[in-house]
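Notebook open, structure loaded. I'm jotting down what I look up as I go.

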Amino acid sequence: MKEGLVSFKGIKEGIYIYIKDGDFQDILDELEEKLKDSLDFYKEANFLGIKAENLKQSQIIELLYLMKYRYDLHIANEGLLEHMEISEYYTGIKEGMTKFIHSTIRSGQVIEYDGNIVIIGDVNPGALIKAKGNIIILGTIRGVAHAGIDGNKDAIVAAYDLRPTQLRIANIIGRKPDEETLTSGIPEVAKIKDGEVYIEPYLPNK
Amino acid sequence: MGKAIVITSGKGGVGKTTATANIGTGLAVLGNKVVVVDTDIGLRNLDVVMGLENRIVYDIVDVVEKTCRLKQGLIRDKRYEGLFLLPAAQTKDKTAIKPEQMLELVNQLKEEFDYIIIDSPAGIEQGFQNSIAGADEAYIVTTPEIAAVRDADRVIGLLEANGINSPKLIINRIRQDMVKRGDMMNVEDIVDILAIELLGIVPDDEAIVISTNKGEPVVAEDNPLSAKAFKNICRRILGEEVDLLNLENDEGKFSKLIKLLFSK
């Protein structure tokens, strides 16, 4: 195991955790070891955030959860936010890895993929589709779709018949209205506009 | 400190979820702070019956695993103040929660709500054990069928073994015309076998099917007989003395008069 991946640097306001590029499991192990060594000291400390050379946002969140729930350590909210914004999200929504599924997705089933998802079939109520990129359904979606799960607000959800229980893009959630609504009868595309999930009919000439 | 009530039956399809939704809503309409909890992980329905499916972001598993705070997991009802839903997870199974976690959760809820109504899954396995873990009282739902009554009897025994004594009985889906013809068990027969206190009787009613599909519990309506039945149940839970519902609504005024004359 390579040592020296994790270091703590104190400034007047508190402590930053610096993480060098390396294997994530090694980073986890080293962080845990260092925390365990002087847990009492760190419990009193004010953590400002994590600065990592090359970690994905999901990995940083895993580190934060580890600190918070296993060691009950406090991390300042500002530090967290600051880092979330600079961390990378999946950008392959124009051109990227895509998973194709040829079947009906039923209640209780979850399809998760670190890229785009295309479903050739229906998505029934109670099913959940989670993609880092776009979600395209060549059928009816009545379940829940979450595109851009790691933060890409430009991700879209498109379906031949779009009537989901809930639509999520990045961290924005839109839900089906309570009263029955008429669908346009043509394929529709959902995207974020002005901080809300917006559904528009698919018009080929636009 | 609130009271936790589990609604259970052993057998599936007798109306646990419908009863939970209606009792929860009914108690909230009467001014109580209520949370209905769905413990049927993997086959959740309570959210659909309450018409709140489209609001679910977190669920009971997220709450016990502390992925989210309890407050974030609770869904505020769209119509009634003081009514909340804690939905089950759909993509996990019953083993996602342990009875100890359930007990802790219910105790937390009791600090904030007057009534915690817990919808139990069918069966007597882990899901059932979870659902009764934090309960102070139990209401048994049965229908006038031998199989349902048999299962209810089994569940009453299990509840007693788990320290939940004197459960109360709700007999659902009674068809008075069939009872009259002698084709269906009557209320007395069932109470006789199960030997527990009767909390209420609910007639078989089309209005239930309609309201369930709409996601608006029937108890909030004025006219249906089933709504009256659930209102009565709620008032009895609050300690009022309410007579059992007269299910013979189809009777004409004339025959009622004759009956009255002859009964004197």
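Started with the domains of chain A: the centres of domain 1 and domain 2, taken over C-alpha atoms, are 34 Å apart. Domain 1 covers 6–86 and domain 2 covers 98–201; the bounds come from an automatic or database domain assignment.

Housekeeping: this is a predicted model, where local features need pLDDT of at least 70, side-chain atom pairs count only at pLDDT 80 or more, and totals for chains, interfaces and linings use all residues. Residues are numbered from 1 along each chain as its sequence is written, while chains are lettered from A and ligands numbered from 1 in the order in which they are written.

Next, the interface. I find 12 residues of chain A in contact with 10 residues of chain B (contact: C-beta atoms, placed from the backbone, within 7 Å).

Then helix α3 of chain A, residues 57–70 (helices are DSSP runs of H or I, at least four residues; strands are runs of E, at least two; both are numbered from the N terminus). Its 14 residues reach 19 Å from first C-alpha to last, close to the expected 20 Å (1.5 Å times one less than the number of residues). Which residues of α3(A) are buried? I get Ile60(A), Leu63(A) and Met67(A) (buried means 20 or more other C-beta atoms within 10 Å of the residue's own, exposed 12 or fewer, partly exposed in between, with C-beta atoms placed from the backbone). Seen down the axis of α3(A), they fall within an arc of 60°, so they line one face (the arc is that of the directions from the helix axis to the C-beta atoms). Turned away from that buried side are the exposed Tyr65(A), Tyr69(A) and Arg70(A). After α3(A) comes Asp72(A), with a positive phi near 60°.

Over to chain B and α11, residues 225–237. I count it as largely enclosed by the rest of the structure, because 10 of its 13 residues are buried. Among them are Phe230(B), Ile233(B) and Ile237(B). The cover over the buried residues of α11(B) includes α1 (16–29), β7 (168–174), β8 (197–203) and α10 (206–214) of chain B. Just after α11(B), Gly239(B) has a positive phi of about 100°.

Last, a loop residue: Glu81(B) sits between β3 (75–76) and β4 (83–86) of chain B. Buried or exposed? I have Glu81(B) as exposed, because it has 10 C-beta neighbours inside 10 Å. Thr25(B) is 56 residues from Glu81(B) in sequence, yet their C-alpha atoms are 9.9 Å apart.

Notes
Two residues are in contact if their C-beta atoms, placed from the backbone, lie within 7 Å.
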